[in-house]
Amino acid sequence: MTSGGSSPQATPPRAGQARRLGAVLALNVALIGALAVAGLLAHSVAVLAAGADFLADSLAIVLGLIAVRLRDRHGRSRATTVVALINGGWLLALTVGVLVEAVRRLLTGAPEVAGLPVLLVSVASAAAMGLGAVILGRGAQEEDLHMRSVLLDTVADAASAAAVAVVGAIVLLAHGLYWLDPAAAIAIGLVVGFGAVRLLRDVFLALCTGEPLELDD
């Protein structure tokens with residue numbers, strides 16, 4: 001069993017962090033433009049919400065790559081915790097924006113949503129994020145706080161994209177029920193917001209106590 005220190009067994013996964021983060025970053029960046037264009041063309045706030053979430057995740061991964069490099073060169077292990085703080089803050093801010101727009105559409109009447117582009121781009125996004133989760137590996141949640149947050153973000157993105165794909169299919173088949181789009185955006189926003197609040201709580205506890213977070217809890 002490992003002792004949690006700087007043992008040789010901890011080196012291989014840490015050495016591969018930058019490579020795995022880079023691969024997931026490439027997947028996120030490749031999808032941002034597609035989600036933005038499809039969301040605008042389809043008048044889908046749910047797809048736009050997914051695109052904004054992917055943008056926030058991409059920034060968090062870029063900051064994470066910087067933090068990992070700083071940690072490996074200078075032993076600044078708290079750098080990844082600070083990056084997780086930025087990540088959680090972005091997620092919370094984007095969630096508020098999505099919720100405000102989605103509620104506005106429900107109250108004023110949701111515009112017509114094109115189901116086919118919503119379905120296609122969401123299926124592609126779910127598949128890409130599923131691949132990203134495989135690249136990161138289940139062991140990422142035991143490496144450090146930032147790697148855990150990236151893994152959770154990636155899995156959540158895959159799940160939310162799958163949910164939006166279902167909405168797109170329903171809208172496409174029914175030629176209506178457009179209110180499902182902002183309703184799905186609200187559901188995604190609440191789930192992501194809850195995760196962001198929990199992440200921020202864990203980060204603040206780690207920063208206040210100066211002790212590393214127990215990731216097994």
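This is a predicted model: local features need pLDDT of at least 70, side-chain atom pairs count only at pLDDT 80 or more; totals for chains, interfaces and linings use all residues.
User: What makes up the secondary structure of the protein chain?

Analyst: The protein chain has 7 helices and 0 strands. Read from the N terminus, the order of elements is α-α-α-α-α-α-α.

User: How many cavities does a search of the whole structure find, and what makes a space count as a cavity?

Analyst: The search finds 3 cavities of 30 Å³ or more. A space counts as a cavity when a 1.4 Å probe fits there but cannot get out. Rolling a probe the size of a water molecule over the atoms shows where empty space is left.

User: What is the volume of the largest cavity, and which residues lie nearest its centre?

Analyst: The volume of the largest cavity is about 150 Å³. Its lining has 16 residues, and A49, D53, V98, I188 and V192 are the ones nearest the centre.

User: Which helices supply at least two residues of that lining, and which gives the most?

Analyst: Helices α3 (45-74), α4 (79-108), α6 (145-174) and α7 (180-209) each supply at least two. The most comes from α3, with 5 residues.

User: How do the residues of the lining of the largest cavity divide into nonpolar, polar and charged?

Analyst: There are 11 nonpolar, 3 polar and 2 charged residues in the lining of the largest cavity. D53, one of the residues nearest the centre, is an Asp, and Asp counts as charged.

User: What lines the second largest cavity, and what volume does that cavity have?

Analyst: The second largest cavity holds about 40 Å³ of space. Its lining consists of V24, N28, D57, A60, I61, N87, V150, D153, T154 and D157. Two or more of these residues come from each of α2 (17-42), α3 and α6. The largest share belongs to α6, with 4 residues.

User: What makes 3 of the residues in that lining charged?

Analyst: Asp counts as charged, and the lining includes D57, D153 and D157. The rest of the lining of the second largest cavity divides into 4 nonpolar and 3 polar residues.

User: Why is D157 called buried?

Analyst: The relative accessibility of D157 is 2%. Buried means under 20%, so D157 at 2% counts as buried. D157 lies in helix α6.

User: Which residues is D157 in contact with, leaving aside its neighbours within four places in sequence?

Analyst: D157 is in contact with N28, D53, F54, D57 and M129. A contact here means heavy atoms within 4.5 Å.

User: What makes R105 and E101 a salt bridge, and how are they placed in the helix?

Analyst: Their side chains meet at 3.0 Å, N to O, against a cut-off of within 4 Å. R105 and E101 are 4 residues apart in helix α4, so about one helical turn separates them.

User: Why is R105 called buried, while E101 and R104 are called partly exposed?

Analyst: Buried means under 20%, exposed means over 50%, and partly exposed is in between. R105 has 13% relative accessibility and therefore counts as buried. E101 at 25% counts as partly exposed, and R104 at 42% is also partly exposed.

User: What makes the span of α7 close to the expected one?

Analyst: Helix α7 has 30 residues and reaches 44 Å from its first C-alpha to its last, close to the 44 Å expected at 1.5 Å a residue. G210 follows α7 and has a positive phi, near 75°.

User: Why is G16 called buried, and where is G16 found?

Analyst: G16 has a relative accessible area of 5%. Buried means under 20%, so G16 is buried. G16 is found in the loop between α1 (11-15) and α2. In sequence G16 and L136 are 120 residues apart, and in space they are 9.5 Å apart, C-alpha to C-alpha.

Notes. Residues are numbered from 1 along each chain as its sequence is written. Side-chain values use heavy atoms; hydrogens and water are left out. On a 1 Å grid over the protein atoms alone, a cavity is a set of points where a 1.4 Å probe fits but cannot get out, and a pocket is an open set with protein on both sides within 12 Å along at least five of seven lines; lining residues have an atom within 4 Å of a point. Grid points are joined across faces, edges and corners, and a volume is the space filled by probe spheres set on the points. Buried means under 20% relative accessible area, exposed over 50%, partly exposed in between (1.4 Å probe, protein chains only). The expected span of a helix is 1.5 Å times one less than its number of residues.
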